[in-house]
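Let's take a walk through this one together, starting with the sheet and then moving on to the helices. Have the viewer open as you read.

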Amino acid sequence: MRFADRTGGIGRRPAACAAVISVDVNWAGNMVLVEAGVGSAVRDVDHYADLAEALARVRGAGGPSTIWAGVKEFAGKFGYSHLLALDLTRLTGGAAGAAFYSDAHPLLADADRELVMDQHPIVRRVLDSAHPFLVSELRDEPHHRGARWLDLLAEPVRQGDGLVVPVHREGQAIAGANFGGLAPNTSSLARAFLQVLTHAAVDR
């Protein structure tokens with residue numbers, strides 16, 4: 001795994017850097033975190049070592065349950081206690097049948113009965129954009145207030161927030177993960193790390 005420093009050099013683990021706000025996902029070689037200066041220093045550089053360890057676990061995992069359990073464990077370092085990961089290529093059969101991993105299977109079954117999943121606001125956003133986003137961005141839009149889909153979110157997402165990480169290949173959405181927590185870290189650093197790990201898990 002390689003990290004990009006401010007001067008564009010590759011190979012050094014960064015010290016206190018400004019903030020990681022984008023990620024070059026090149027899993028054929030290495031995941032490259034691209035730093036951009038946005039003011040606040042990143043103090044806890046131990047997360048870089050944690051990410052490298054999590055990626056190694058994904059590479060060596062024996063199956064999907066082990067892969068995603070490792071992803072969830074890493075996400076817990078940022079305050080996320082809930083994970084839903086979907087294979088969007090299988091979504092026509094319903095969300096429950098498309099789940100790589102889910103902490104809330106009963107809610108998925110309810111959603112499949114009550115909603116058209118490819119029209120679900122979160123799914124639509126994942127299909128349309130490869131950029132991570134917060135569930136609260138949709139929840140706070142006036143036309144979504146009181147909508148049924150909000151009742152069918154997992155409790156940590158409903159009571160707190162969710163970070164949604166789309167996975168696109170060749171311009172098409174193939175998967176997505178929703179990390180939920182009551183008071184999660186939604187910083188650029190957290191988003192970039194979870195984007196890297198989610199892409200790695202889907203590729204694995």
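Two strands count as paired here if DSSP finds at least two bridges between them. Strands (E, at least two residues) and helices (H or I, at least four) are DSSP runs, numbered from the N terminus. What you're looking at is a predicted model, where local features need pLDDT of at least 70 and side-chain atom pairs count only at pLDDT 80 or more, while totals for chains, interfaces and linings use all residues. Residues are numbered from 1 along each chain as its sequence is written, and side-chain values use heavy atoms, with hydrogens and water left out.

Let's begin with the sheet. It is open, has 5 strands in the order β5-β4-β8-β7-β6, and pairs in antiparallel fashion. β5 (99-102) and β6 (133-134) sit at the edges with a single partner strand each, so one side of each has no neighbour in the sheet. Moving in from β6, you find 2 bridges to β7 (residues 161-169), antiparallel; in this pairing, leucine 134 has leucine 163 of β7 as its bridge partner. Helix α5 (residues 121-128) packs on the sheet, touching β6, β7 and β8 (172-181), and its direction makes about 40° with that of β7. That angle is taken between N-to-C directions on a scale from 0 to 180 degrees, using axes fitted as lines to C-alpha atoms, for helices over the stretch in contact. Touching, or contact, means heavy atoms within 4.5 Å.

Next comes β8. Antiparallel to β7, it is joined to that strand by 9 bridges, and valine 165 pairs with alanine 177 of β8. The hairpin of β7 and β8 has 2 residues between the strands, and glutamate 170 takes a positive phi near 50° there. On to β4 (residues 82-87): 6 bridges join this strand to β8, again antiparallel, with leucine 83 facing phenylalanine 179 of β8 as its bridge partner. How many of the residues of β8 are buried? The count is 8 of 10, where buried means under 20% relative accessible area, exposed over 50% and partly exposed in between (1.4 Å probe, protein chains only).

Now for the helices. α2 (residues 64-75) and α9 (residues 188-203) pack at about 175°, with axes 10 Å apart. That makes them roughly antiparallel. The residues of their contact split into 10 nonpolar, 1 polar and no charged; among them are Trp68 and Phe74 in α2 and Phe193 and Leu197 in α9.

Finally, histidine 47 lies in helix α1 (residues 46-60). Its relative accessibility is 12%, so it counts as buried. Beyond neighbours within four places in sequence, histidine 47 is in contact with Phe74, Lys77, Phe78 and Phe193.

Methods: Parallel < 35°, antiparallel > 145°, perpendicular 65-115°, else oblique. Nonpolar A, V, L, I, M, F, W, Y, C, P; charged D, E, K, R; others polar.
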